[in-house]
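Biologist: Thanks for sitting down with me. Could we go through this model together, beginning with the terms we will need?

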Amino acid sequence: MSSDNNADQQAGKASKASERETRPANKRGLARLAAVQALYQMEISGQTLADVILEFQMHRLGKEIDGEQYREADSDWFKDLMQGMVARQREIDPQVHHALQQDWPLKRIDSILRAILRVGVYELLRRKEVPARVIISEYVEVAKAFFSEDEPKVVNGVLDRIGREIRPDDFDPKPAS
């Protein structure tokens with residue numbers, strides 16, 4: 001099966017899953033969802049970062065695929081998420097691995113879940129202008145687009161644990177004087 005078909009199947013899976021109670025995404029939310037799909041495609045197909053970014057920007061973000069119009073995503077946000085996560089993956093993976101339960105190492109979890117956690121941690125590290133709780137909430141919504149069981153809870157728990165370590169002020173604000 002080609003990587004395009006895999007990505008299209010995952011997009012279809014996300015569409016069906018999102019019929020459950022998820023809120024409509026804004027342009028950044030759509031960029032987050034696209035980044036997860038693109039990372040999945042890279043992992044499954046072995047395509048390069050540059051090729052996947054170009055494919056998504058030219059043929060997926062805001063385009064019609066198989067008669068279905070995809071909403072426009074923030075292309076610059078998407079590109080930053082992709083490039084940044086890949087550049088910092090060696091820093092991100094150990095953080096995710098340590099935040100997971102001992103019996104679930106990073107390499108053992110579903111590839112979509114792994115992509116969600118990686119991009120979420122990258123955004124917590126890089127996008128200080130976005131509150132940590134907002135980032136976590138956004139990736140829980142992305143997880144709900146793909147999963148209906150415990151995975152959104154895993155995303156919430158792992159990103160919350162990492163967020164509290166790397167951005168404690170977002171969780172424990174200093175008392176007003």
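Modeller: Buried means under 20% relative accessible area, exposed means over 50%, and partly exposed lies in between (1.4 Å probe, protein chains only). This is a predicted model, where local features need pLDDT of at least 70, side-chain atom pairs count only at pLDDT 80 or more, and totals for chains, interfaces and linings use all residues. Residues are numbered from 1 along each chain as its sequence is written, and side-chain values use heavy atoms, with hydrogens and water left out.

Biologist: Is lysine 27 buried, partly exposed or exposed?

Modeller: Lysine 27 belongs to helix H2 (helices, H or I, of at least four residues and strands, E, of at least two are DSSP runs numbered from the N terminus). Its relative accessibility is 45%, so lysine 27 counts as partly exposed.

Biologist: How far from the C-alpha atom of lysine 27 is that of alanine 73?

Modeller: Leaving aside neighbours within four places in sequence, lysine 27 is in contact with Glu72, Ala73 and Asp74 (contact means heavy atoms within 4.5 Å). Lysine 27 and alanine 73 are 46 residues apart along the chain, and their C-alpha atoms are separated by 4.3 Å.

Biologist: What pattern does the protein chain follow along the sequence?

Modeller: The secondary structure of the protein chain comes to eight helices and two strands. Of its 177 residues, 46% count as buried. Read along the sequence, the pattern is α-α-α-β-β-α-α-α-α-α.

Biologist: How many salt bridges does the structure hold?

Modeller: A salt bridge is a side-chain nitrogen of Lys or Arg within 4 Å of a carboxyl oxygen of Asp or Glu. One of them joins arginine 164 to aspartate 160, at 2.9 Å from N to O, and both residues lie in helix H8, four residues apart, about one turn of the helix. The number of salt bridges in the structure is 10.

Biologist: How many residues apart in sequence are the parts tied together by arginine 32 and glutamate 123?

Modeller: These two side chains meet in a salt bridge of 2.5 Å, N to O. Arginine 32 lies in helix H2 (residues 27-45) and glutamate 123 in helix H6 (residues 111-126), so the separation in sequence of the parts they tie together is 91 residues.

Biologist: Which residues does glutamate 123 touch, not counting those up to four places away in sequence?

Modeller: Glutamate 123 counts as buried because its relative accessibility is 0%. Its C-alpha atom is separated by 8.6 Å from that of glycine 84, 39 residues away along the chain. Beyond the excluded positions, glutamate 123 touches Arg32, Trp77, Leu81, Ile135, Tyr139 and Arg167.

Biologist: Which glutamate forms a salt bridge with arginine 114?

Modeller: The closest N and O atoms of this pair are 2.4 Å apart. Arginine 114 lies in helix H6 and its partner in helix H2, so the pair ties together parts that are 71 residues apart in sequence.

Biologist: Are H6 and H7 roughly parallel or roughly antiparallel?

Modeller: The axes of H6 and H7 are 10 Å apart, at an angle of about 165° (axes are lines fitted to C-alpha atoms, for helices over the stretch in contact, and angles run from 0 to 180 degrees between N-to-C directions). Angles under 35 degrees count as roughly parallel, over 145 as roughly antiparallel, 65 to 115 as roughly perpendicular and the rest as oblique. With about 165° between them, H6 and H7 are therefore roughly antiparallel.

Biologist: Which residues of H8 make the contact with H7?

Modeller: Helix H7 (residues 132-146) packs against helix H8 (residues 151-166) at an angle of about 155°, with the axes 8 Å apart. The two helices are therefore roughly antiparallel. On the H7 side the contact is made by Ile136, Tyr139, Val140, Ala143 and Lys144, and on the H8 side by Pro152, Val155, Asn156, Leu159 and Asp160.
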